[in-house]
Amino acid sequence: MSKRIALITGATSGIGEATARTLAAHNFKLILCGRRRDRLQKLETELQQYTEVTTLSFEVRNQREVMSSIASLPDAWKSIDVLINNAGNAHGLDPIQTGSVDDWDAMMDINVKGLLYVTKAVLPVMTKRNSGHIINIGSIAGKEVYANGNVYCASKFAVDALTKGMRIDLNAHNIKVTGIHPGLVETEFSLVRFKGDEARSKNVYKGFDPLMGNDIADLILFTLTRPAHVVIADLVVLPTAQASATVVKKNI
Ligand code: NDP
Ligand code: 8X3
């Protein structure tokens, strides 16, 4: 079977980077995306020993940049089979009454509108061929609301709704749509949420075994390797120590 082409947003760290490594080892050609060009180049060089890799650096908030970057792909890369909408972050953890409007804009623009822009740019090749697979990375925060999670949770509830909506609208086109909703995964996520505060970020993952990027990458691979007649529609995955968005058994 010829290699499928997978486009991964947010491939410069965490879940996206782990997914790139896993898919490189399992017969996928990769289009790696993110804003940090140095990291993209480093990963491209590393993974080229296993598969064909190309990179696109764009800001998912900028619709024009998203469209022109994806349109700039050489013909050999245009037939994207798999889209992994992973780029996203939380910005801040504040009560609604004191939350920053800039943080709210960032989360809605990146997690919701960015996902829509990338999907819009990639879908024509999938609908034309009546095949493809879209995986949206949601979150336990898109299933449960927690204190101070307000806008991040809203953005991930939106991802959940969009995933369901895409599955319905793309049903006629034979396109698989999967939502994967992780609990606590140790990545750069908390460093971004807490604006570079390393101590506060590390503390989130202290006293228990969190999920790692590889755990989600494994699930993505599993989802992508089901037979043609099977779609994994919705997956919630937590560390064993986590029972809900806020119940985590910590040994500290
Ligand atoms: P990381 O911070 O490690 O990775 C985030 C990725 O998103 C980076 O590659 C970053 O690349 C990219 N990104 C962020 N903002 C933008 C932007 N404006 N334009 C383009 N790319 C952007 O976090 P995770 O790996 O944990 O997060 C990946 C996804 O998983 C997110 O959607 C997150 O909400 C979700 N998630 C994370 C959980 C966790 O506990 N870690 C749990 C549940 C879901 P660059 O900065 O180079 O642009
Ligand atoms: C990231 C997981 O619990 O920090 O989506 O919101 S959580």
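Me: Which space does ligand 1 take?

Reply: Start with the general idea: rolling a probe the size of a water molecule over the atoms shows where empty space is left. Here, ligand 1 takes the space of the largest pocket. A pocket is an open set of points on a 1 Å grid over the protein atoms alone, where a 1.4 Å probe fits, with protein on both sides within 12 Å along at least five of seven lines. A molecule sits in one if more than half of its atoms lie within 2 Å of its grid points. This is a predicted model, where local features need pLDDT of at least 70, side-chain atom pairs count only at pLDDT 80 or more, and totals for linings use all residues. Residues are numbered from 1 along each chain as its sequence is written, and side-chain values leave out hydrogens and water.

Me: What volume does the largest pocket have, and which residues lie nearest its centre?

Reply: Its volume, the space filled by probe spheres set on the points, is about 1,100 Å³. Lining residues have an atom within 4 Å of a point; there are 50, with Gly88, Asn89, Tyr152, Thr187 and Phe189 nearest the centre.

Me: Which side chains have a polar atom by an oxygen of ligand 1?

Reply: Look for polar contacts, pairs of N or O atoms within 3.5 Å. Arg35 has one at 2.6 Å, Arg36 at 2.9 Å and Thr187 at 2.6 Å. The protein covers 98% of the 880 Å² of accessible area (Shrake-Rupley, 1.4 Å probe) that ligand 1 has on its own.

Terms used:
Chains are lettered from A and ligands numbered from 1 in the order in which they are written. A polar contact is a pair of N or O atoms within 3.5 Å; within protein, one must be able to donate a hydrogen and the other to accept it, and residues adjacent in sequence count only if both atoms are side-chain atoms.
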